[in-house]
Structures are given as C-alpha cells and as structure tokens.
Amino acid sequence: MAIEAASLLHRPIKIWTDSLSSWMAILNPKSHHSMVREIQTLLLPHKHIHLRWLKAHVGYLGNEYADLLAKEAITKGYPFFLPKPLSYLKSEIMSAALSI
C-alpha cells in the first residue's frame with residue numbers, strides 16, 4: 001500500500017522498515033514468495049521509491065508509533081494469513097524424510 005501511494009507522488013520517497021528479513025527478501029531477485037514478487041514488480045517502474053531498513057527498538061519515534069499501530073491492528077483488525085514460504089516447506093519435507 002505504501003508503494004502504491006508513493007507511486008502517485010512522482011518525487012523521491014523513502015519507505016522505512018524495521019523488518020530486516022522482509023527487506024532482504026525484497027532485495028533478493030531470486031525470491032519465489034508471491035508477496036515479495038508482487039512488491040518487486042510494483043517497485044520496478046518507480047525508481048524514485050527507495051526501501052530502507054532501520055534497527056528496531058532503538059527509540060525512533062516514528063518506528064515506535066508504527067509498532068503501536070501494528071499491535072493495535074493485531075488486536076482490533078481483521079485476520080490476515082500468509083502462506084508459508086517455500087523454504088519452510090522444503091525444510092519440513094527434508095526433516096520428515098530424514099526421520100523416516
């Protein structure tokens with residue numbers, strides 16, 4: 001949603017996240033996760049939108065407020081389920097095969 005909103009502005013935009021794993025997944029051109037691929041596709045034509053990472057829980061006021069809103073969304077929002085990534089399924093299959 002942030003990318004879609006930023007794409008309308010046509011000026012340099014930085015979108016910050018404290019999720020290092022999400023940021024790394026989006027930077028990975030070989031990712032097979034559907035949501036990551038969708039984000040990559042949205043970013044491709046918009047060179048003015050830049051993703052940035054900041055360390056969590058170090059006192060950035062905006063980040064603390066974003067965490068508060070995320071917690072509120074979890075308790076008051078609608079459930080949203082993501083499928084497990086392919087890497088998780090592969091490790092589960094490998095673990096089951098090894099145990100057999």
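Predicted model: local features only at pLDDT ≥ 70, side-chain atom pairs only at ≥ 80, totals over all residues.
View 1. Ser 7 sits in helix α1, residues 2-7 (helices are DSSP runs of H or I, at least four residues, and strands are E runs of at least two, numbered from the N terminus). Its relative accessible area is 13%, so Ser 7 is buried (under 20%, with a 1.4 Å probe and protein chains only). Skip the neighbours within four places in sequence, and Ser 7 is in contact with His 46, His 48 and Ile 49 (heavy atoms within 4.5 Å).

**View 2. The largest pocket.** This one has a volume of about 940 Å³. Of its 24 lining residues, the closest to the centre are Met 1, Ala 2, Ile 15, Thr 17 and Ile 39. A pocket here is an open set of points on a 1 Å grid over the protein atoms alone, where a 1.4 Å probe fits, with protein on both sides within 12 Å along at least five of seven lines; lining residues have an atom within 4 Å of a point. Helix α4 (61-76) gives the largest share of the lining, six residues.

**View 3. The second largest pocket.** Here the volume is about 240 Å³. Its lining includes Trp 23, Gln 40, His 46 and Ile 49. Two or more lining residues come from each of α2, α3 and β2 (49-53), and α2 has the largest share with three.

Residues are numbered from 1 along each chain as its sequence is written. Local features need pLDDT of at least 70 and side-chain atom pairs 80 or more, while totals for chains, interfaces and linings use all residues, and side-chain values use heavy atoms, without hydrogens and water.

Terms used. Buried < 20%, exposed > 50% of the residue type's maximum accessible area, 1.4 Å probe, protein only. Points joined across faces, edges and corners; volume = space filled by probe spheres on them.
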